[in-house]
Amino acid sequence: MASDVSDNAFVEFDRVQKSYDGEVLVVKDLNLQIGKGEFVTMLGPSGSGKTTCLMMLAGFETATNGDIRLAGRPINNIPPHKRGIGMVFQNYALFPHMTVGENLSFPLEVRGLDKTAREEKVKRALEMVQMGEFINRRPAQLSGGQQQRIALARALVFEPELVLMDEPLGALDKQLREHMQFEIKHLHERLGITVVYVTHDQSEALTMSDRVAVFDDGRIQQLAPPADLYERPENSFVAQFIGENNKLDGVVEGFEGDEVIVRLADGETCRANPVKCGDVGSETLISIRPERVWIEGKTTPNTTEAQVLELIYLGDHVRCRLQVHGNDEFIVKVPNSAGHKHLVVGETAKVSWDAQDARALDPL
Amino acid sequence: MSENVPADPHVAIVTTAGGVEDGALTISDGTPLKRALARAQSHARRKAFLLVLPLLAFIILTFVVPIFQMLYRSVDSPNFHDNMPNMVAWFAQNPSGTEPDETAFTALVEDLKLLKKNRKAGLVGTRINYELPGSRSLFTKGARKAAKLEPPYKEALLKIDPKWSDPKLWQVMRSAASPYTFNFYLAAVDRTRDADGKIVRVNENRRIYLKLFGRTLVLSLLITFMTFILAYPIAHLLATLPLRKSNLLMILVLLPFWTSLLVRTTSWMVLLQSQGVLNDAMVALGIVSDDHRIQMMYNKIGTVVAMTHILLPFMVLPLYSVMRTINPSYVRAARNLGATSWTAFRRIYFPQTVPGIAAGALLVFILAVGYYITPALVGGADGQLISNLIAFHMTGSLNWSMAAALAALLLGGILVLYWLYDKLVGIDNLKLG
């Protein structure tokens, strides 16, 4: 499931734009190719256009401009009931006046399957989500997690090749959510279906997806596998949105080899990895992941003094809030294991990081 | 904690209710748990009762008491029984079918003298007249001349009016002699007792009540159906439009509520009468000729049109309140699962609106069955409902017992329909908002 899917894309958004009121573009120039069997997550804050994209794919919204293609076929003018796409809704949308069995049987009924075939498939789908004995219950008699499974089974029962999921785990508690993440992931692997998943929960996106598309302001900010997204964010928004992030503002002073020298706000310089900074003289923002910072470790060109402002004990690690280069929101995670120095509030410590781990990005 | 018995029984229950003594739960001071709980709650219950007391008194005084009075009046028939003691005694001694002999006529003349003395001849005559029209004058004339009559009374009385020997009259008097009667109910279903006391249908030209009950039922069902057909799309629109637009539409729906019923009804008269706006427009457009103006008022059409309009909000509001709670994602899910928009409506949306339809239909139907003023104004002879006849008996013929019997039958009919409805739809499925 490599990222090179442009030749045989299963789902393809081609320069798609969407506006509801003719004044504001909710989706601006969306280009996205999803390979067959891939699990792609659309991640972004609310209002970033990710749900709109999903609705356009499902057929509930029409693209204002551009093409959406499914298996090479433009689907802009195909009504939703003919697209054959499974979908799990945020509130599950299980029909309250039907039993679980009738809910699952509905998509098969409208497809004209006979009774025995329907019963067989419904039974199989329910067993797939371990809900076989609930066939005669009403949705209102099920817990949130059980409803979630039924919704999943209903989206899969007519064997669609593409399944859309719109924040399906949003209403569940943390433990159940994590459990369901694995179940959905395993189902995806077992059935070989293509999944487009929408969420605003980054840990969900990182655990489940083959690739994550980070949405903001109607555009995909970065489309990459989870590890790349975290380790190598391409712009400040992604660095900010995914995981924890330390920011240092500065101005580009010069380039040296594959490194950039940045003059920081407090007058000091810092060597960084020029990912997305401008030429000499332009403003930039350096992003450093908390776990890439050493305290009293090896000396690098970026070693500096830090004042310890706050310590939060979290069991397996200690979160330290430091003042570094005038930024007093600088976070470092110190593992709570043997051989690590234990800091005291108020003391001054030496912190350092590699130039490769300091990514100079566009200013916010 | 247990050595220190708290004053508040709630606390005591918490501390020791777990212990079972002699099979019954007790609190720490030995009082049974149930009694302690009742004592603790009685104060709150008394206060709550005092709050609802004014309403309760109001309802009993203005609703429950009048209804029972009405039901009593429909079987109560004291006039003959109280004012004709000798006749009542004779009827008691002689079984039904006995030919009235001289003793009977003696009793009758004695009673007629009493009527003259007490000035009650009109009252008794009216009572007999209800069941045998034309007999009121028999009693007033008889009472006037009774004092001068000489035995044998039978001959003397028959000389005044031969109708006195009519076996039908004697049958009516016999049934009126009882202080309670079901004859008003018989009359209300177009039945009467013949000379032998058997229940038979009245003459063809006098059968009106059953026909009117039937018409009331049919028209009410028709009006309910019409309001449903008209209200369903409006309610759907109200529930799905953006809030600002739906508020405006809601005002338009409620506007008739804020207008006087009389004004609304008369405006329909202006629109629908043969010289009215609608007919004039059609004549002007050449759709109908001037000589063949369509009669849309003072018949069933007028009643149905005006009542449908007036009762429409009662259907829209329950439907709207139910539709508003239906999440649009249900229909989306159905479409996504492969249903056409029609199938999604039929299988998913419509079944979920049934509670609203049930509530609206019941509301409109019950209101329509008892509707009075609109059919009275626009119904003409053809569009009258049973309530108009009840009003006629209340204010026109002054036969309150008959009005009461008709009203009781209407009430009973609605209760039966309600019961049927509960069996078919289920009252728990009702949703008014």
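**Figure 1. A salt bridge between the chains: A:Glu109 and B:Arg347.** In this predicted model, A:Glu109 pairs with B:Arg347 in a salt bridge, with the closest N and O atoms 2.9 Å apart. The pair runs from helix α2 of chain A to helix α17 of chain B. A:Glu109 is partly exposed, at a relative accessible area of 30%, and B:Arg347 also counts as partly exposed, at 21%. As a reminder, side chains of opposite charge can pair when their charged atoms come close. Between chain A and chain B, the count is 2 salt bridges.

**Figure 2. Where chain A meets chain B.** Here we step back to the whole contact. Chain A puts in 25 residues and chain B puts in 17 residues. About 1,900 Å² is buried between chain A and chain B, and carbon and sulfur atoms give 62% of that area. Across this interface there are 7 residue pairs in polar contact, counting pairs with both residues at pLDDT 80 or more. On the chain A side, α1 (50-58), β6 (86-88) and α2 (100-110) each supply at least two of the residues that touch chain B. Which element of chain A gives the most to that side? It's α2(A), with 4 residues. Sorted by class, the side of chain A that touches chain B has 17 nonpolar, 4 polar and 4 charged residues.

Figure 3. A:Arg149 sits in helix α4 (residues 144-156) of chain A. Is this arginine buried or exposed? A:Arg149 counts as buried because its relative accessibility is 13%, and the cut-off for buried is under 20%. Its side chain reaches the backbone oxygen of A:Val129 at 3.3 Å. Leaving out residues up to four places away in sequence, A:Arg149 touches A:Val129, A:Gln130, A:Met131, A:His179, A:Met180 and A:Glu183. A:Gln147 is in helix α4 of chain A too, and it is buried, with a relative accessible area of 18%. Apart from neighbours within four places in sequence, A:Gln147 is in contact with A:Tyr92, A:Leu94, A:Pro139 and A:Leu142.

Figure 4. A:Glu178 and A:Lys174 form a salt bridge, their closest N and O atoms being 3.2 Å apart. What separates these two along the helix? They're 4 residues apart in helix α5 (residues 174-191) of chain A, so about one helical turn lies between them. A:Glu178 is partly exposed, at a relative accessible area of 37%, whereas A:Lys174 counts as exposed, at 54%.

Figure 5. The side chains of B:Asp280 and B:Arg293 meet in a salt bridge at 2.7 Å, N to O. This pair links distant parts of the chain, 13 residues apart: B:Asp280 is in helix α14 (residues 277-284) of chain B, and B:Arg293 is in the loop between α14 and α15 (300-324) of chain B. B:Asp280 is partly exposed, with a relative accessible area of 35%. Over in chain A, salt bridges that share partners tie A:Glu12, A:Asp14, A:Arg15, A:Asp67 and A:Arg69 into one network. Over all chains, the count comes to 34 salt bridges.

Figure 6. B:Thr374 lies in helix α18 (residues 373-378) of chain B and counts as buried, at 0% relative accessibility. Not counting residues up to four places away in sequence, B:Thr374 touches B:Thr265, B:Ala306, B:Met307, B:Ile310 and B:Gly379. B:Leu362 is in helix α17 (residues 341-369) of chain B and is buried, with a relative accessible area of 11%. The C-alpha atoms of B:Leu362 and B:Leu417 are 9.6 Å from each other, with the two residues 55 residues apart along the chain.

Figure 7. A:Cys320 counts as buried, at 2% relative accessibility, and A:Cys53 counts as buried at 0%.

Notes. Residues numbered from 1 in each chain as written. Chains lettered and ligands numbered in written order. Predicted model: local features only at pLDDT ≥ 70, side-chain atom pairs only at ≥ 80, totals over all residues. Heavy atoms only, no water. Contact = heavy atoms within 4.5 Å. Buried area = accessible area lost by both parts, 1.4 Å probe. Salt bridge = Lys/Arg side-chain N within 4 Å of Asp/Glu carboxyl O. Polar contact = N/O pair within 3.5 Å; in protein donor to acceptor, adjacent residues only side chain to side chain. Nonpolar A, V, L, I, M, F, W, Y, C, P; charged D, E, K, R; others polar. Buried < 20%, exposed > 50% of the residue type's maximum accessible area, 1.4 Å probe, protein only.
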